[in-house]
Amino acid sequence: MTLFRDDGIVLRTQKLGEADRIITFLTRRQGRVRAVARGVRRTKSKFGARLEPFSHVDAQFFARGGELVGRGLPLCTQVESIAAYGSGIVTDYARYTAGTAMLETAERFTDHEGEPAVQQYLLLVGGLRTLASGAHDPRLVLDAFLLRSLAVNGYAPSFEACAKCGLPGPNRFFSVASGGVVCAQCRVPGSVVPSAESLELLGALLTGDWETADACEERHSREGSGIVAAYLQWHLERGLRSLRFVENAVRREVEAGK
Amino acid sequence: MYEGVVQDLIDELGRLPGVGPKSAQRIAFHILQADPTDVRRLAHALTEVKEKVRFCAVCGNVAQSEQCRVCQDPRRDLAVICVVEEPKDVVAIERTREFRGRYHVLGGAISPIEGVGPDDLRIRELLARLADGTVTELILATDPNLEGEATATYLARMVKPMGLKVTRLASGLPVGGDLEYADEVTLGRAFEGRRLLDV
């Protein structure tokens with residue numbers, strides 16, 4: 001019987017029994033953790049709105065063995081809010097869909113429960129903070145998060161030098177299987193030729209050059225998003241469920257003339 | 001493992017939500033020992049519910065005919081529609097005896113992470129109901145959680161061009177609780193929705 005305490009972001013909630021939920025956290029020290037929050041669905045629950053997705057919390061867990069993960073699901077016993085990003089995200093549908101894709105990505109990149117993923121955790125906290133602030137286009141924030149998540153997990157794409165032979169850029173051809181742009185000699189069947197502006201945008205998103213990213217045109221950001229989605233799907237082996245709703249949200253914004 | 005029909009019954013009961021193998025076994029033996037009339041009544045209720053109950057053609061609530069009891073009631077206010085996620089939310093609101101309008105059951109909430117988008121809900125049917133101009137107020141009573149809020153935000157934006165009065169159920173402190181235990185989001189909402197005390 002051990003008590004654990006950790007900071008974490010709520011990734012997902014699942015209903016359990018009559019009034020409980022299983023909460024999936026991405027924590028700073030323990031990586032992905034699933035815990036049971038008893039009575040959280042009752043209106044008078046002590047947890048209130050603290051255990052909603054996008055919440056950044058300081059939580060206490062009660063586990064049966066000496067470790068947080070391994071012997072059944074731990075209980076979430078106390079929670080304090082650090083930041084409630086959900087209130088800044090849920091008021092805008094494009095932010096909400098981009099945010100859920102970020103949560104799903106973080107969950108997919110942390111396959112093993114209890115395995116620390118500090119960089120992924122910090123990236124998610126920073127990404128949600130930026131998204132909730134509304135400082136940048138939600139789709140750009142999502143693409144930046146996806147590219148950097150790929151990078152911290154060892155799949156950083158190259159947008160300058162050839163991914164195969166290292167020939168310095170700019171290189172025109174992009175091959176998902178090769179790991180980024182490739183030169184004319186290394187070009188493989190199935191390579192695409194994105195515009196130079198789209199490649200510049202993706203490089204800017206990967207390095208955090210928001211001035212360049214914010215100045216990009218809609219058609220280039222759309223092309224860039226397609227490349228990021230294809231690259232992510234290649235490495236995750238199957239697509240993200242929530243990503244298709246992000247695309248729909250962008251389309252609806254365009255149709256609504258926003 | 002039990003023999004034949006007893007094991008079949010345990011297996012079928014074990015497929016119900018929240019019923020584990022032990023509970024299924026306990027219920028099965030309760031049924032075995034129960035009065036045959038009671039068991040026949042239970043079996044009859046189970047078959048009846050599948051045969052007779054359908055979804056209301058207007059609002060999507062559970063009904064025993066083409067339209068549900070609320071949609072058939074001529075005393076209901078046609079100008080107000082309350083949007084809820086599930087049929088059980090209709091029952092919860094009806095218990096208050098405060099609302100005299102009609103309902104629209106969406107069949108869930110937008111949850112991209114679960115693969116549920118706007119096209120999977122009865123939003124198109126709602127917009128069709130609003131198109132004839134009879135409705136003047138839309139009350140968004142989706143659950144006060146993240147998915148419910150996102151669904152309400154989405155609906156509010158969709159119906160905005162129609163010029164309707166769109167309202168959201170108030171959220172804040174539960175009656176009978178202590179203020180010190182309220183979380184920041186709930187307390188913030190309570191401040192946003194504070195009202196003038198007319199004494």
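These legends walk you through a few close-up views of a predicted model. Residues are numbered from 1 along each chain as its sequence is written, while chains are lettered from A and ligands numbered from 1 in the order in which they are written. Local features need pLDDT of at least 70, side-chain atom pairs count only at pLDDT 80 or more, totals for chains, interfaces and linings use all residues, and side-chain values use heavy atoms, with hydrogens and water left out.

**View 1. Chain B comes in two domains.** Domain 1 covers 4–52 and domain 2 covers 68–192, with bounds that come from an automatic or database domain assignment. Taken over C-alpha atoms, their centres sit 36 Å apart.

**View 2. Here is a stretch of chain B with a UniProt label.** An unreviewed UniProt entry annotates residues 56–71 of chain B as "zinc finger region: C4-type"; such annotations may be inferred rather than shown by experiment. Helices (H or I, at least four residues) and strands (E, at least two) are DSSP runs, numbered from the N terminus.

**View 3. Helix 5 of chain B has a buried side.** Pro87(B), Asp89(B), Val90(B), Ile93(B) and Glu94(B) are buried in this helix, residues 87–96. Buried means under 20% relative accessible area, exposed over 50%, and partly exposed in between (1.4 Å probe, protein chains only). Look down the axis and the buried residues fall within an arc of 145°, so they line one face of the helix; the arc uses directions from the helix axis to the C-beta atoms. Turned away from that side are the exposed Lys88(B) and Arg95(B). The cover over the buried residues includes strand 2 (62–63), helix 4 (69–72), strand 3 (80–84) and strand 4 (102–105) of chain B. Just past the helix, Arg97(B) takes a positive phi of about 60°.

**View 4. Strands 5 and 6 of chain B run parallel.** Strand 5 (residues 137–140) pairs with strand 6 (residues 165–168) over 4 bridges; pairing takes at least two bridges found by DSSP. Leu140(B) has Arg168(B) as its bridge partner.

**View 5. Gly31(A) is tucked into strand 3 of chain A.** That strand spans residues 31–37, and Gly31(A) counts as buried because its relative accessibility is 0%. Leaving aside neighbours within four places in sequence, Gly31(A) is in contact (heavy atoms within 4.5 Å) with Phe25(A), Leu26(A), Glu115(A), Pro116(A) and Ala117(A).
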